[in-house]
Amino acid sequence: MHPTLLLLLLASSLLLHQAHASADCEPARCGNLTLRYPFWLGSINQTSSPCGHPDFEVWCIGDDGSSSVASLKGSTLHVHAINYTNNSFVASHIRVATGDDGVCHTDLNMSVTVALSPFTISRTNRALCFLYSCNGTEPRGPEYVNATSSCGAPIYAYLGGAYSWSKPPEIATGGCKYSYIPVLGREVAAAGMTAANYSRLLKDGFVLE
């Protein structure tokens with residue numbers, strides 16, 4: 001078979017498969033979310049064949065009411081909102097967003113968590129930095145907030161600029177170790193939030209594209 005004809009047949013097959021998946025995945029509700037293509041509603045006990053791409057499978061966890069939580073295939077990423085126009089969605093990581101002690105668990109690399117998925121962390125996010133293991137060398141200034149809360153060791157929060165997985169925020173860290181978490185950038189600006197709002201920022205999540 002001529003190579004060009006073979007490529008055309010393969011392309012047609014892929015388009016038909018995509019159209020079929022879109023038609024098979026009926027819109028569904030999970031809490032206050034409406035799930036539609038490319039997202040689709042699956043479950044841990046699913047017996048039927050998947051109707052969409054596995055990376056867009058959402059599990060609805062809870063009592064099937066407005067308090068249900070949408071999780072990306074039962075993972076640690078929970079979906080808060082989906083913008084189908086901009087091909088983006090807001091998600092949070094349960095390690096830092098659940099309960100009142102999320103700040104005590106911010107020593108994680110969010111980029112690594114997302115790396116195995118087809119999604120990327122949007123550059124519209126801000127970088128919320130957390131400094132720990134300072135041993136008395138923590139930076140001083142109004143932009144640094146004591147976020148220790150109920151944690152077993154001191155933690156300090158700093159709200160940086162645009163989030164970039166490849167370029168850590170340029171801030172004074174003293175002798176501290178530090179991590180940084182993406183948080184919603186536009187909401188920070190609109191509400192005038194600062195590092196002192198670290199708990200809400202962690203719970204509100206960040207944008208994935």
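Colleague: Which cysteine does C104 join in a disulfide?

Modeller: C104 is joined to C151, with an S to S distance of 2.0 Å. This is a predicted model. The rule for a disulfide is two cysteine sulfur atoms within 2.5 Å. The C104 and C151 pair links distant parts of the chain, 47 residues apart. C104 sits in the loop between α2 (94-97) and α3 (110-115). C151 sits in the loop between β9 (145-146) and β10 (155-162).

Colleague: Why is the disulfide of C104 and C151 left-handed?

Modeller: Look at the torsion about the S-S bond. For C104 and C151 that torsion is about -90°, so the disulfide is left-handed.

Colleague: Is the link of C134 and C176 left-handed or right-handed?

Modeller: Right-handed, because the torsion about its S-S bond is about 115°.

Colleague: What about C25? Which cysteine is joined to C25?

Modeller: C25 is joined to C51, S to S 2.3 Å. With 120° about the S-S bond, the link of C25 and C51 is right-handed. This pair also links distant parts of the chain, 26 residues apart. C25 is in the loop between α1 (3-24) and β1 (28-30). C51 is in the loop between β3 (40-42) and β4 (57-61). C25 and C51 are buried.

Colleague: What is the pairing of the bonded cysteines in sequence order?

Modeller: Number the bonded cysteines along the chain, then read off the partners. The pairing is 1-3, 2-4, 5-7, 6-8.

Colleague: Now the strands. How many helices and strands are in the chain?

Modeller: The chain has 5 helices and 12 strands.

Colleague: How do I read a strand pairing? Which strand do 4 bridges join to β4?

Modeller: Start with the bridges, then check the direction. The 4 bridges join β4 to β5 (residues 69-72), and the two strands run antiparallel. Now step across from A70. Its bridge partner in β6 is V79. β5 and β6 (residues 77-83) are joined by 2 bridges and run antiparallel.

Colleague: What do β5 and β6 form?

Modeller: They form a hairpin, with 4 residues between the strands. In the turn, K73 has a positive phi of about 50°.

Colleague: And the side chains of a strand: where do they point?

Modeller: In a regular strand they alternate between the two faces of the sheet.

Colleague: Last, the whole chain. What share of the residues counts as buried?

Modeller: Of the 209 residues, 41% count as buried.

Colleague: What share of the contacts with a separation of 6 or more comes from residues 24 or more positions apart?

Modeller: They account for 59% of those contacts.

Key: Residues numbered from 1 in each chain as written. Predicted model: local features only at pLDDT ≥ 70, side-chain atom pairs only at ≥ 80, totals over all residues. Heavy atoms only, no water. Buried < 20%, exposed > 50% of the residue type's maximum accessible area, 1.4 Å probe, protein only. Contact = heavy atoms within 4.5 Å. Pairing = 2+ DSSP bridges.
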